[in-house]
Amino acid sequence: MSEAADATQEKPANAPARGRPTGATRKGLETRVRIIKGAREALEEGGMEALTTRRIAASAGVKLATLHYYFDSKESLLLAVLEDLIAEMDEAYRQDVALPKAPEDRVEALIRASWRYIQRTRGKQIAQTELTLYALRTKGSEWLAARQYNAYIDFYGHLVFEDDSDEELRRIGRAVARQMLIGIDGIILQSYALEDLSASNEDIEALIIAMRGYLRRLLAEHGKAR
């Protein structure tokens with residue numbers, strides 16, 4: 001991983017990027033966690049321009065050689081950061097609300113939980129947007145943006161139904177998740193740009209109505225097909 005914030009190693013589209021194995025030692029796992037935390041702090045506080053190896057290493061309290069050992073490219077580190085952000089979001093949602101059994105009610109509960117999380121994690125939301133734009137602008141890193149969105153779609157999609165073991169229900173869950181993300185992403189940017197919370201709250205209510213209706217339609221079509 002180069003020192004410059006915009007330097008990357010070119011990777012084939014959709015190729016996985018992984019850090020080096022940490023081994024089974026507790027110290028190795030703790031070091032990796034510190035590096036990821038340091039990268040998150042740099043990204044949330046200063047954006048992609050602040051994501052330099054020196055800043056990350058200093059924040060994590062490790063040597064540059066150690067950083068390079070655990071993450072041999074910027075993409076492998078960003079993927080680890082993305083996975084960490086999603087894991088944190090998952091924990092926050094599950095602590096925030098017990099999801100109802102009815103699918104439409106679950107969708108509403110998910111959107112409301114998402115909006116509460118967004119309101120208290122402004123830095124993280126902007127960092128995730130920057131990560132997406134970086135991946136789309138950087139040749140060879142486009143796969144990271146696809147990985148990011150597929151991870152979010154999977155996250156929401158699996159929560160739409162209490163049991164999504166049925167292949168068709170998984171498809172419906174992912175379809176609803178995609179539409180939810182379209183709405184949520186737009187509301188995030190509009191909310192931060194206009195700083196109009198009342199309007200954003202209205203937009204969330206409109207998104208809930210739309211998603212309940214969309215899910216109802218998909219389930220009705222699924223019932224007819226059977």
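**A tour of the helices**

Begin at Gly47, the residue that follows helix α1, and note that its phi is positive, near 75 degrees. Keep in mind throughout that this is a predicted model.

From there, step back and select residues 26–46, which form helix α1: its 21 residues reach 30 Å from the first C-alpha to the last, close to the 30 Å expected at 1.5 Å a residue. Within α1, colour the buried residues, which are Gly28, Thr31, Ile35, Ile36, Gly38, Ala39, Arg40, Ala42 and Leu43. Then show what covers these buried residues, which includes α2 (53–60), α3 (64–70), α4 (74–96) and α6.

Next, select residues 52–71, where UniProt, in an unreviewed entry, places the feature "DNA-binding region". Over this stretch the chain is 75% helix and 0% strand, and the end C-alpha atoms lie 13 Å apart.

Move on to helix α5 (residues 103–120) together with helix α6 (residues 122–137), whose axes come within 5 Å and cross at roughly 95 degrees. Because of that angle, α5 is roughly perpendicular to α6. To see where they touch, display Tyr117, Ile118 and Arg120 in α5, which meet Arg122, Lys124 and Gln125 in α6. By class, this contact of α5 with α6 has two nonpolar, one polar and three charged residues.

Finish with residues 142–160, helix α7, whose 19 residues reach 28 Å from the first C-alpha to the last, close to the 27 Å expected at 1.5 Å a residue. Which residues of α7 are buried? They are Trp143, Leu144, Ala145, Gln148, Tyr152, Ile153, Phe155, Tyr156, Gly157, Leu159 and Val160.

Methods
Residues are numbered from 1 along each chain as its sequence is written. This is a predicted model: local features need pLDDT of at least 70, side-chain atom pairs count only at pLDDT 80 or more; totals for chains, interfaces and linings use all residues. Side-chain values use heavy atoms; hydrogens and water are left out. Helices (H or I, at least four residues) and strands (E, at least two) are DSSP runs, numbered from the N terminus. The expected span of a helix is 1.5 Å times one less than its number of residues. Buried means under 20% relative accessible area, exposed over 50%, partly exposed in between (1.4 Å probe, protein chains only). Axes are lines fitted to C-alpha atoms, for helices over the stretch in contact, and angles run from 0 to 180 degrees between N-to-C directions. Angles under 35 degrees count as roughly parallel, over 145 as roughly antiparallel, 65 to 115 as roughly perpendicular and the rest as oblique. Contact means heavy atoms within 4.5 Å. Ala, Val, Leu, Ile, Met, Phe, Trp, Tyr, Cys and Pro count as nonpolar, Asp, Glu, Lys and Arg as charged, and the others, Gly among them, as polar. UniProt positions are given in the numbering used here, feature names are shortened, and annotations may be inferred rather than shown by experiment.
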